[in-house]
Amino acid sequence: MSTAVEPSAWQQRIAGEWVGRPSLFDAHGTWRGFEDIRRSSVFHDGVTTYYMDGGIQGGGELAGRFALAAPFAFGVRDSDADRLYTGPDFFGSGQPYGSFVDAHYYGPGWQVSLNTWNQTIDDTQVYSSVLRQGPAMVGVFNGLYTRVPELVDDHLEHETRCGTVTFILPSKDPSVYSGECEVWGADQRPAGTVRVDLAIDPVNLLSATHTVTWSGAIDYSYRTVARRDGARLFYEGPDGWGNATAYGRANYPLVHFTDGKRIQGREFIMDAEPGMGAGTRIAVVYQLFEHNRLATVVHGILDRS
């Protein structure tokens, strides 16, 4: 813990108690259960402490690993440059980029390393934690949180109904997802905005040509054929090459380019519902690497037109 005169901008942005029911997926993208969570990051008398209480429902073979007999509480050295997690329940650090934070830390109780991406959009948080044992994937938690008390009951019903829904884009009709996104440098300073357009032209029910255009603070475009195999996606050129795995509503792409760039991201369909259709709103986070070095972070909302 540390003392400060006032909380950081990120700390002020996430004030309040956040309630969610993120789903747990195993390393292959198979749904295993829910985690009921209430969490808050509290600044009081110059000290920031993070509290988290809840419990796992279901979980399969992972249930024992993520069950604890006590709530979490751990210190945070609050800063807009680096948030340091000082234990005893989590140790590591997180870097805010505006309303998005990228955190890497270790949980002794769960015995996993976590890479948590938390994107705050007004009173909603788009949350995911990728869980690892060394380099091996253990599983993923992800879901939506709200901090509006009047919405909690409806929100939890929505997360229960939609937590198992698989990320899928339109498979028959051409469509475009577009939005104005924030751009942040690797130095965590704002670098303007970029318009992101994802144009989808289905080839068949399992493949589509994706034409991605970034314009504004970043000018970049590429085309790739995306082929779906269950929870897995494969990006098969001609401009971008890579793959992805979807964990429920969230897709995690990693795409490589011959000019030394790569894009690593998370695409979360916020309004996905059970059924044979595709959602219309995607919360996106992309990290753009130049020659293996983080260059920029892009995040925002893409809407289907």
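Okay, one definition to start: a residue is buried if its relative accessible area is under 20%. C162 comes out at 0%, so C162 counts as buried. C181 is at 1%, so C181 is buried too. And keep in mind that what we're looking at is a predicted model.

Now the nonpolar cores. The largest one has 33 residues, and the members touching the most others are L169, V194, W214, I218 and V298. Take W214: beyond its neighbours within four places in sequence, W214 is in contact with V194, V298, Y286 and I263, among others. Apart from that core there's another, made of 25 residues, including W10, F66, L114 and V138.

Next, T209, which sits in strand β14, residues 207–216. Is T209 buried or exposed? Its relative accessibility is 16%, so T209 is buried. Leaving out residues up to four places away in sequence, T209 touches A199, I200 and R223, among others.

On to the rings. We have 21 aromatic pairs in the structure. One of them is F100 with W117, edge-to-face, with 5.4 Å between centres and 85° between planes. F100 belongs to strand β8 and W117 to strand β9, and the two are 17 residues apart. Both are buried: F100 at 0%, W117 at 6%. Y247 and Y252 also pair edge-to-face, at 5.6 Å and 70°. There's a cluster linked by ring pairs as well, and F66, Y85 and W110 are among its members.

R39 has its charged end over the ring of Y145, 3.8 Å from the centre. R262 does that over F289, at 4.0 Å.

Methods: Residues numbered from 1 in each chain as written. Predicted model: local features only at pLDDT ≥ 70, side-chain atom pairs only at ≥ 80, totals over all residues. Heavy atoms only, no water. Core = buried A, V, L, I, M, F, W, Y, C linked by side-chain atoms within 4.5 Å. Buried < 20%, exposed > 50% of the residue type's maximum accessible area, 1.4 Å probe, protein only. Contact = heavy atoms within 4.5 Å. Helix = DSSP H or I, 4+ residues; strand = E, 2+ residues; numbered from the N terminus. Phe/Tyr/Trp six-rings, centres within 6.5 Å; stacked < 30°, edge-to-face > 60°. Lys NZ or Arg CZ within 6 Å of the ring centre and 35° of its normal.
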